[in-house]
Amino acid sequence: MDFDVREMLVETIKRYLDRFCRDNELDPVWGEPIVGFGDARSPRFAELRTVVHPEHYLPEDILPGATTVVSYYLPFTKDVARGNISGDLASPEFAYTVALTNSIAMELADEVATDIRAYDYEAEIPEWGRIDGDIVSRWSQRHVAYLCGMGTWGINNMIITDEGCCGRFFSIVTNLDVEPDPIPEEERCSYRRDGSCGVCMQKCRAHAITPGGFDRWACDRHGDEARRRYGGLNVCSKCIVGMPCSFRNPSK
């Protein structure tokens with residue numbers, strides 16, 4: 001391709017976020033976005049039907065003939081994260097930021113897809129809601145981010161990117177002709193790498209993070225009080241704030 005797709009998409013995302021904050025007279029709550037590319041034809045996507053759920057979508061389900069999955073990460077600001085370090089429930093400011101991010105997700109995705117289509121490529125937005133009767137998604141944004149080379153898994157079940165893990169992932173499926181990013185081989189989580197750190201295990205209010213892995217059901221049960229307080233929003237995120245991996249790759 002004769003233009004820098006990554007740079008174009010980063011600028012698209014930044015432009016949307018800047019405009020949204022300006023139009024709504026909001027102080028920025030997101031940092032610099034990053035973008036990764038995955039090979040939509042990789043057999044590793046099919047493995048998600050074993051790793052995540054048998055009904056997990058494949059890129060081909062979203063867009064027949066898909067060649068590329070675009071994952072993008074919206075980090076929260078350090079100020080937003082800092083306010084969520086103490087207490088047993090998510091701070092109102094942090095919960096607001098999560099709810100705000102959820103509210104703009106589809107409009108932002110549509111803007112990203114529109115800019116891709118402007119170059120005569122196809123682009124579709126995956127549906128990422130929970131599978132009925134379960135607490136996993138039909139399109140797991142974090143698993144997709146991993147396959148797009150965005151980072152490695154932390155013991156807290158988050159993807160640690162070059163900009164840390166305190167933020168949200170979204171994605172687009174397209175037939176863009178672009179080189180996929182390699183999946184990082186070096187562990188970024190200090191606990192997974194050499195047994196050091198483990199701060200997220202100490203800070204997890206649900207005791208869902210242990211050396212044996214992550215208990216998503218315990219995590220979800222802990223969200224009951226947040227759902228009551230924040231209008232159905234399940235938010236805690238104590239395991240991604242105040243961490244060595246919150247805003248950086250601790251392996252560097």
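A pocket, on a 1 Å grid over the protein atoms alone, is an open set of points with protein on both sides within 12 Å along at least five of seven lines, and its lining residues have an atom within 4 Å of a point. The model toured here is predicted, so local features need pLDDT of at least 70 and side-chain atom pairs count only at pLDDT 80 or more, while totals for chains, interfaces and linings use all residues. Residues are numbered from 1 along each chain as its sequence is written, and side-chain values use heavy atoms, with hydrogens and water left out.

**First stop: the largest pocket**

Select Arg130, Arg142, Met158, Arg168 and Asn234, which lie nearest the centre of the largest pocket among its 43 lining residues. The volume here is about 1300 Å³, a volume being the space filled by probe spheres set on the grid points, which are joined across faces, edges and corners. Next, colour α6 (92-117), α7 (141-147), β6 (167-174) and α10 (216-222), each of which supplies at least two residues of this lining. Helices (H or I, at least four residues) and strands (E, at least two) are DSSP runs numbered from the N terminus. By class, the lining comprises 22 nonpolar, 13 polar and eight charged residues. Ala, Val, Leu, Ile, Met, Phe, Trp, Tyr, Cys and Pro count as nonpolar, Asp, Glu, Lys and Arg as charged, and the others, Gly among them, as polar.

**Second stop: the second largest pocket**

Move to the second largest pocket, which holds about 180 Å³ of space. Select Arg6, Val35, Gly149, Met150 and Asp162, the closest to its centre of the 13 residues that line it. Two or more lining residues come from each of α1 (5-23) and β1 (34-39); β1 gives the most, with three.

Display α1 and α6, whose axes (lines fitted to C-alpha atoms, for helices over the stretch in contact) come within 10 Å and cross at roughly 135 degrees. The helices are therefore oblique to each other.

**Last stop: the cavity**

A cavity is a set of points where a 1.4 Å probe fits but cannot get out. The structure holds one cavity of 30 Å³ or more, and the largest cavity has a volume of about 90 Å³. Select Cys189, Ser190, Cys197, Cys200 and Cys245, which lie nearest its centre among 14 lining residues. The lining of this cavity has 10 nonpolar, four polar and no charged residues.

Conventions. Axes are lines fitted to C-alpha atoms, for helices over the stretch in contact, and angles run from 0 to 180 degrees between N-to-C directions. Angles under 35 degrees count as roughly parallel, over 145 as roughly antiparallel, 65 to 115 as roughly perpendicular and the rest as oblique.
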